[in-house]
Amino acid sequence: MLGILTSLLIAPFLVNRVAAHGAVTSYRINDEVFPGYNAYDPPDGQVSIARPYYGIDPIFDVLNETIACNNDGGPIGPEGKQLSANIRAGDTITAIYGLWLHPFGPATVYMARCPGACIESNSRDLEWFKINHTGLIDGDIVYGHWGIAIVSTTGEYSAKVPEELAAGEYLIRNELIAIHPPSTGPQHYVECAQLKVFREPGSGPGKLPPSSFLTKFPGAYNPSDPGLNVNLYTPEAPTVTTYQIPGPAVWDGQDEEDELRLAESIRNVSRW
Ligand SMILES: [Cu+2]
C-alpha cells in the first residue's frame, strides 16, 4: 500500500523531471536533415555533424568547464565519425529538438571559428560570437512570450549564418536558457555542431567579427548577469516587461566603427 502510494506520488515527479529536459536531436539546412548525436547510445556507433554531449540534463553553473558544448570540448571521434555540414554564408540552420517544454527564458545561438580543422579544436579554447538571440518577445516575464517558447511550440529554433561571415570551419552552439527554477538559478541546455561555411562565388572574402564581439565559454556569462537573476515568482513579476539577454551583442556583419557609432547614438539618446 505504502509502496503504491509512494510510487504514485514520486512517479509523475520523475516523469516530469525527465520529460521537461531536452536537447538538439537533428539539424536542418535547406531541407536537408542532418542526424544529431544521441547521448544515450554509445559514441562508438555514431556518425554526426553534432558534437557529443553528456545528456539532456541542464548545466546550472555558467562557469562550468562544460558550458561551451556540454562535453569535455572534443569531437565524437576521428574524421569519418565527426562530420561537418556545408552551409552558405547567409543561409539558415535549424536546430530540431526531440522534446522541449520549458516556456520561460531566452534562446541564443553562437558560432566560433576553428583556427584549423574543427575536429582538432577544443570548444573551450575557441572565441565565440553570438549570431542570434530571442529573449522576451512580448508581454511580461510571466504571461508573455519567450524565445525558448518558440521551441516548445514548434520543436525547433532557426538562426541565419551572417551573410558577411568568412568561409571556413566553425562550431555552432545552440543554447536554451530556462529561467523558471526559483532556487537553483537558470538551466543551460547546450549542444554544438560542426559547420563548413562557404561563400557564393563573387561575393567577396567575407570577414570575421571584431574582437569586441568575441567571448569564451566559460567567460561569456557571469552568475550576477541581470538576465540570469530573474525571479518569476515575486508579486511584481507580472509587471516586468523588459529582459536583458545575457552574453555579447549579436554580430550580423557590422564592423567595429558601426558598433561604436551605435553605442554613441544610444549614449546620446539616453542623455535626453
Ligand atoms: Cu528540464
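Helices (H or I, at least four residues) and strands (E, at least two) are taken as DSSP runs and numbered from the N terminus. The model is predicted: local features require pLDDT of at least 70 and side-chain atom pairs count only at pLDDT 80 or more, whereas totals for chains, interfaces and linings use all residues. Residues are numbered from 1 along each chain as its sequence is written.

Glu-65 is located in the loop that runs between β2 (32–35) and β3 (85–88). A residue is termed buried if 20 or more other C-beta atoms lie within 10 Å of its own, exposed if 12 or fewer do, and partly exposed in between, with C-beta atoms placed from the backbone. Glu-65 is classed as exposed because it has 12 C-beta neighbours inside 10 Å. When residues up to four places away in sequence are not counted, Glu-65 touches Arg-124 and Pro-218 (contact: C-beta atoms, placed from the backbone, within 7 Å). Pro-218 is 153 residues from Glu-65 along the chain, yet their C-alpha atoms are separated by 6.3 Å.

Strands are said to pair if DSSP finds at least two bridges between them. β1 (residues 24–29) pairs with β2 in the antiparallel sense over four bridges, and Ile-29 has Glu-32 of β2 as its bridge partner. The two strands form a hairpin with two residues between them, and Asn-30 in the turn adopts a positive phi of about 45 degrees.

Helix α2 spans residues 147–154, and Gly-147, Ile-148 and Val-151 are buried within this helix. These residues lie on the same side of α2, because they cover an arc of only 105 degrees around the axis (the arc of the directions from the helix axis to the C-beta atoms). Just after α2, Gly-155 has a positive phi of about 80 degrees.

How values were computed. Two residues are in contact if their C-beta atoms, placed from the backbone, lie within 7 Å.
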